[in-house]
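Work through the exercises below with the model open. Try each task before reading its solution.

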Amino acid sequence: MKALALAAGLVLLAAQAQAQISNAYVQVLQTTLKPLLARDGPDAAHFRGSLVFFNYCVTCHGPNADGKGRAAKLYNPAPANLRESDKNGQYMKLIIRGGGKAMARSEFMPPWGEELTEEQIGDVVAYLQSINTRK
Amino acid sequence: MRTTVPAAVAALAILLALPAHAAEHVVSQKGKNFSIKRLSVQQGDSVKFVNDDPFAHNVFSLSDIKSFDLGSYGQGLAKSVLMDKPGVVEVECAVHPDMKLMIEVKK
């Protein structure tokens, strides 16, 4: 009788251990199959800003942000080399929002204030600062 | 009379040099789209780009036969481009990358 009770206890323990392993496995699967959203922070802003840049700015400023985009041939002076820009974030936000003409720069830099949100403008400035070679 | 005849001949020569039926085609920008996706025009025709959106557009083309940038212009404003060479002109908007228009310029 004691042996029977012992055997039953062992079976119960084994079942509980198996359940714990299964739960852990499910948690790992859930975590890896559904990645957590990136926490906000500089890296996330740079990533979001790169998406904005490659959607809206790349035509003129180029994929390397060096002012050699496919439309650069239309303009003299050429679009700015943003890798070597000496402008601070506040200036960049102003010229992106209001366009080149508003800043006494090229009239062909469009005002983006109606198209981009303040968050997008902030993100693209963060991205440009992250790839600036002057710092 | 001696002066009017050469003048008339010169005027006639100028008229003959111009395209016979230069037309103006109107393309609207509305809802972040061009009103048409493809347009066929004759060499010498012009295309008028009218902004019917409540925000600015910036129409441009990098095509070999006609490259231009009309700059940024707001609601109700329009700018025209003369299609003076035959070929294909791909038109885009700098502010709205999904806007595309193909213009075929026929001889």
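**Exercise 1. Locate Ala65(A), and decide whether it is buried or exposed.**

Solution. Ala65(A) has 0% relative accessibility and therefore counts as buried (under 20% relative accessible area; exposed is over 50%, partly exposed lies in between; 1.4 Å probe, protein chains only). Helices (H or I, at least four residues) and strands (E, at least two) are DSSP runs, numbered from the N terminus. Now check the backbone: phi of Ala65(A) is positive, about 60 degrees, although the residue is not a glycine.

This is a predicted model: local features need pLDDT of at least 70, side-chain atom pairs count only at pLDDT 80 or more, and totals for chains, interfaces and linings use all residues. Residues are numbered from 1 along each chain as its sequence is written, chains are lettered from A and ligands numbered from 1 in the order in which they are written, and side-chain values use heavy atoms, with hydrogens and water left out.

**Exercise 2. Find the peptide bond between Asn76(A) and Pro77(A), and state its omega.**

Solution. The bond is cis, with omega about 5 degrees. Pro77(A) lies in the loop between helix H2 (42–61) and helix H3 (89–98) of chain A.

**Exercise 3. Describe Lys32(B) and its salt bridge.**

Solution. Start with the location: Lys32(B) is in the loop between strand S1 (24–30) and strand S2 (33–34) of chain B. Its phi is positive, near 60 degrees, in a residue other than glycine. With a relative accessible area of 36%, Lys32(B) is partly exposed. Its side chain meets that of Glu115(A) in a salt bridge at 3.3 Å, N to O. The rule asks for a side-chain nitrogen of Lys or Arg within 4 Å of a carboxyl oxygen of Asp or Glu. It finds two salt bridges across the interface of chain A and chain B.

**Exercise 4. Which side chains make polar contacts with that of Asp69(B)?**

Solution. Asp69(B) belongs to strand S6 (residues 67–73) of chain B. Its side chain joins Tyr75(A) in a polar contact of 2.3 Å. Another, of 2.7 Å, joins it to Asn58(B). A polar contact is a pair of N or O atoms within 3.5 Å; within protein, one must be able to donate a hydrogen and the other to accept it, and residues adjacent in sequence count only if both atoms are side-chain atoms.
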